[in-house]
Amino acid sequence: MASIEFIPRRINDPPVVFRGMTMREVATVAIAGFSAGLLPGIVLAFLTGEIAMAPTVAVVIAILLLGIGGTIMRRLRRGRPSSLLYRQITYTLAAQGIVLGDERLITRSGVYRTGREPREPGGLR
């Protein structure tokens with residue numbers, strides 16, 4: 001039976017779909033932009049009397065956020081592994097005491113000792 005001798009390193013990475021973002025990121029940014037544009041759209045709908053103003057403004061802001069977000073994501077990821085940005089966000093949240101899911105990250109630093117140095121009398125190892 002033949003085995004695969006070479007597997008590309010990025011075979012399991014999600015494909016880049018739009019402006020340096022994966023499909024999950026595109027959906028997240030689009031939903032965030034639509035949600036952010038809905039409130040100003042509702043206010044403009046009441047002021048102008050046009051109900052169609054609410055979804056129109058929400059879609060326009062979502063499209064703008066996709067364009068801006070893609071540019072920012074491309075700059076943040078340039079030459080780095082795809083998971084680095086998410087790890088940085090997770091670490092920043094963990095350092096502030098916010099834990100997402102069941103991942104526990106080490107956020108404190110200290111001196112690492114192997115315990116092979118000569119001990120002082122009565123000292124701990």
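**Notebook: cavity, pocket and helices**

I began with the largest cavity and found its lining to consist of Thr90, Leu93, Ala94, Ile98, Val99, Leu100, Glu103 and Leu105. The model I am reading is predicted, with local features needing pLDDT of at least 70, side-chain atom pairs counted only at pLDDT 80 or more, and totals for chains, interfaces and linings using all residues. Residues are numbered from 1 along each chain as its sequence is written, and side-chain values use heavy atoms, with hydrogens and water left out.

I noted the terms before going on: on a 1 Å grid over the protein atoms alone, a cavity is a set of points where a 1.4 Å probe fits but cannot get out, a pocket is an open set with protein on both sides within 12 Å along at least five of seven lines, and lining residues have an atom within 4 Å of a point. The structure holds one cavity of 30 Å³ or more, and the space in the largest cavity comes to about 50 Å³, where a volume is the space filled by probe spheres set on grid points joined across faces, edges and corners. By class, I read six nonpolar, one polar and one charged residue in the lining of the largest cavity (Ala, Val, Leu, Ile, Met, Phe, Trp, Tyr, Cys and Pro count as nonpolar, Asp, Glu, Lys and Arg as charged, and the others, Gly among them, as polar).

I then looked up the second largest pocket, whose volume is about 250 Å³. Its lining has 13 residues, and Thr22, Arg24, Glu25, Arg77 and Tyr86 lie nearest the centre. Helices H1 (23-48), H2 (53-77) and H3 each supply at least two residues of that lining, with H1 giving the most, four residues; helices here are DSSP runs (H or I, at least four residues), numbered from the N terminus.

For helix H3 (residues 84-95), I checked the length: its 12 residues should span 16 Å at 1.5 Å a residue, and the end C-alpha atoms are 16 Å apart, so the two agree (the expected span is 1.5 Å times one less than the number of residues). Gly97 follows H3 and has a positive phi, near 95°.

Turning to H1 and H2, I found that their axes come within 6 Å and cross at roughly 145°, the axes being lines fitted to C-alpha atoms over the stretch in contact and the angles running from 0 to 180 degrees between N-to-C directions. The contact of H1 with H2 has 21 nonpolar, four polar and two charged residues.

Last, I looked at Leu39, which is placed in helix H1. Leu39 counts as exposed because its relative accessibility is 61%, and exposed means over 50% relative accessible area (1.4 Å probe, protein chains only).

Methods: Buried < 20%, exposed > 50% of the residue type's maximum accessible area, 1.4 Å probe, protein only.
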